[in-house]
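Have the model open and follow along.

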Amino acid sequence: MLLMDLQTVLTACDHDVPSGARRALAELPTPLQVLLADPDSATERFVLVHVAVSPSGYFNWGYGNARRTHFAFELRSILHAGGQPEGPRAYGYAEKAWARPFFQQVTDDMQRNGTSWAPATLVVGFLSKRMNMESVEQLEILAAELGLSPVPDPALVNQRLQTERLAAEQKRQAAQVAAASESAMCTSEKLRRTFISSCQGLYALGNMMGGDHGDSRPFCRCASEHVDYRKLRKVVMYGGCDIINSQVLVATINDDVIQNRCAPPARR
């Protein structure tokens, strides 16, 4: 009878819990020490954590060059019975583009309460591009709220991440198609002929201005064999590569490698 009554109560409770709350209850926070002990479980997958946060100036390992783009926070486990944060220490990094309001909320809360930390709910994980197995205490923060709550939803963050990755992949593929189209319209052989013609024209202009550059044809033909046409095509696509920007042309001709290999001895 007791078991039947308990089942009735549980069924009634489940019926009364809103679907959003049911989803939140199912997504229990992951203890920070568990996350650090098993980083593979949160690599490119993001989970909910309840932690104490404190602004930090520590940027190292995979985030050594992220000072201009990210806020850094020291993360510690929370003593729910009161007292100071305890347990293992980690560092979380949140992009300034979205996290500035959260950073301000944390600093305001610390000043208001006279503490060196603030309780927070974060969605965190390890990014492969930032991952360094010598230091597995550095997490990317994808979403954050001041205080301890069952939201934000890691599933939504993971969905957003997948959407962003799909968009990035589509952008990369579009760039490849565009590059292939440019290459088809402006072949290396066509750009080589344009380079030789432009090179000789530049030297002819110098001769007209009173200089004496001698016969430019051997130099220009030699130079054309040492030009990075993939790089040149990318920066000087004008009119189907029939015209080369004069500043780029001069810079290319004056390149030390080309001068050392192609210029007559008197001009080296």
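This is a predicted model: local features need pLDDT of at least 70, side-chain atom pairs count only at pLDDT 80 or more; totals for chains, interfaces and linings use all residues.

Q: Is Arg192 buried, partly exposed or exposed?
A: Buried means under 20% relative accessible area, and exposed means over 50%. Arg192 has 23%, so Arg192 falls in between. Its class is partly exposed.

Q: What distance separates the C-alpha atoms of Arg192 and Glu225?
A: Along the chain, Arg192 and Glu225 are 33 residues apart.

Q: Which residues of helix α7 are buried, and within what arc do they fall?
A: Helix α7 covers residues 217-224. Its buried residues are Phe219, Cys220, Ala223 and Ser224. Seen down the axis of α7, they line one face of the helix, because they fall within an arc of 130°.

Q: Which exposed residues does α9 carry on the face turned away from its buried side?
A: In α9, the buried residues are Leu249, Thr252 and Ile253. They sit on the same side of α9, because they cover an arc of only 95° around the axis. The face turned away from that buried side carries the exposed residues Gln247 and Ala251.

Q: Which element gives the most to the lining of the second largest pocket?
A: The pocket has a volume of about 190 Å³. The elements that give two or more residues to its lining are α8 (229-235) and α9 (246-253). With three residues, the one that gives the most is α8.

Q: How many nonpolar, polar and charged residues are in the lining of the second largest pocket?
A: The lining includes Val227, Leu232 and Ile258. Also among the lining residues are His226, Asp228, Lys231 and Thr252. By class, the lining has five nonpolar, two polar and three charged residues.

Q: Where is Trp61 found, and what is its phi value near?
A: Trp61 is found in the loop between β1 (47-56) and β2 (70-77). At 37% relative accessibility, Trp61 counts as partly exposed. Its phi is positive, in a residue other than glycine, and the value is near 50°.

Q: What distance separates the C-alpha atoms of Met131 and Trp61?
A: Met131 is found in the loop between β4 (118-125) and β5 (138-146). Met131 counts as partly exposed, at 23% relative accessibility. Met131 and Trp61 are 70 residues apart along the chain, and their C-alpha atoms are separated by 8.4 Å.

Q: Which residue lies over the face of Phe71?
A: Ring pairs link Phe71, Phe73, Phe102 and Phe103 into a cluster. The count comes to six aromatic pairs. At 5.5 Å from the ring centre of Phe71, the residue over its face is Lys96.

Conventions. Residues are numbered from 1 along each chain as its sequence is written. Side-chain values use heavy atoms; hydrogens and water are left out. On a 1 Å grid over the protein atoms alone, a cavity is a set of points where a 1.4 Å probe fits but cannot get out, and a pocket is an open set with protein on both sides within 12 Å along at least five of seven lines; lining residues have an atom within 4 Å of a point. Grid points are joined across faces, edges and corners, and a volume is the space filled by probe spheres set on the points. Helices (H or I, at least four residues) and strands (E, at least two) are DSSP runs, numbered from the N terminus. Ala, Val, Leu, Ile, Met, Phe, Trp, Tyr, Cys and Pro count as nonpolar, Asp, Glu, Lys and Arg as charged, and the others, Gly among them, as polar. Buried means under 20% relative accessible area, exposed over 50%, partly exposed in between (1.4 Å probe, protein chains only). The arc is that of the directions from the helix axis to the C-beta atoms. Rings of Phe, Tyr and Trp (its six-membered ring) pair if their centres lie within 6.5 Å; planes under 30 degrees apart count as stacked, over 60 as edge-to-face and the rest as tilted. A charge sits over a ring if NZ of Lys or CZ of Arg is within 6 Å of the ring centre and within 35 degrees of the ring normal.
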